[in-house]
Every structure is written in structure tokens, then in C-alpha cells.
Amino acid sequence: MDSKALVKEALAAREMAYVPYSHFAVGAALLTKEGKVYRGCNIENAAYTPTNCAERTAFFKAVSEGEREFAAIAVVGGPAGKPPMDYCYPCGVCRQVMAEFCEDDFVVVVGKSEDEIREHTLIEILPHTFREKDLNR
Ligand code: THU
């Protein structure tokens, strides 16, 4: 699956965002190395801190189904009820979750639309990672 198709999946996932507090709707589409896609949206909460980002929703769905090998994720976000107006980059917590399950060359795609797409690697957006191996140093 190419980045454009993955952004399309993320746009569909964004339709499910539960965002009564921020009114900022985010969608993510996580591609496994075998080609399966897991969608995620942000899910907010009246107590605020239990809020889950779209990216982590997608990761936790996939990991809980036994997936461990990931190729790419697409992320789209912006004010709810409108098409995205800008690129939406993963927050620091979601980048750390990506680092737990993905290698440095994992592809992070951000899109404004199907035709306005940027591609990055995980190591580009999260340099000097902290991973399991670092616990033993
Ligand atoms: N959010 C995401 O879902 N992903 C991001 O990459 C950035 C932020 C959500 C969290 C919260 O529900 C809303 O966007 C505003 O921060």
C-alpha cells in the first residue's frame, strides 16, 4: 500500500474521532509489514488525561491483536468537521510508542490531503531514542 492510500485510510479513521473537548479530530492508519491496516482515532475524556491519541489507538489495537511488525503510519488531523488545514505531527508520547515497536526506518506519513503528503522516518522525528537496549547501559 502506498502513502496516498494510507492517508486515505487515516482520513476515514478521522471520521470516528471522539473529540467533545478539543474539537481537534485526528485519524491514523498503521500498516503492518504484511500489508494489514489498523485504523485509529483520538478518544477524549472529561477528565482530560485519559485521552488517547489516534496513533496510539491504532498501535494498541494492532499490538493487542498480536501484530509486532510495522512498516508505516499515516496521520491526519485538524479542527473537527473540516478537512485538515495543516500537517499534524505525532506528539512526543506517540513517537515514544512508535520507538517501542518500530525500527529507525519506520515511515511516518503526514497528510493535509490525499495529494499533500510528507514522508519521514521515525529516527528523523525522534532522534536519540530510548529503547529496551538502553535500560542495560
Ligand atoms: N492528538 C492526536 O490524536 N494525535 C496527535 O498527533 C496530536 C494530538 C489529539 C489529542 C487530543 O485529543 C487532541 O488531538 C488535541 O490535542
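## Where the ligand sits

Strand 1 (24–32) and helix 2 (54–64) are both contributors to the shell around the ligand, each supplying at least two of its residues. Keep in mind as you look around that this is a predicted model.

The ligand has 13 residues around it, and those that come nearest are Asn42, Glu44, Cys53, Ala54 and Glu55. By residue class, the shell is made up of eight nonpolar, three polar and two charged residues.

## Polar contacts and burial

Let's turn to the oxygen atoms of the ligand. In the side chain of Glu44, an N or O atom is 2.5 Å from a ligand oxygen. For Glu55, a polar side-chain atom lies 2.6 Å from an oxygen atom of the ligand. Asn42 also takes part, with a side-chain N or O atom 2.9 Å from a ligand oxygen. The protein buries 78% of the 380 Å² that the ligand exposes when taken alone.

## How helix 2 packs

What are the angle and the axis distance between helix 2 and helix 3? Helix 2 and helix 3 (residues 92–101) pack at about 25 degrees, and their axes are 9 Å apart. Angles under 35 degrees count as roughly parallel, so helix 2 is roughly parallel to helix 3. The crossing in which helix 2 passes helix 3 is left-handed.

How values were computed
Residues numbered from 1 in each chain as written. Predicted model: local features only at pLDDT ≥ 70, side-chain atom pairs only at ≥ 80, totals over all residues. Heavy atoms only, no water. Near = heavy atom within 4 Å. Polar contact = N/O pair within 3.5 Å; in protein donor to acceptor, adjacent residues only side chain to side chain. Areas by Shrake-Rupley, 256 points an atom, 1.4 Å probe, with all protein chains shown as cover. Helix = DSSP H or I, 4+ residues; strand = E, 2+ residues; numbered from the N terminus. Nonpolar A, V, L, I, M, F, W, Y, C, P; charged D, E, K, R; others polar. Axes fitted to C-alpha atoms, helices over the stretch in contact; angles between N-to-C directions. Parallel < 35°, antiparallel > 145°, perpendicular 65-115°, else oblique. Left-handed = near helix turned anticlockwise from the far one by under 90°.
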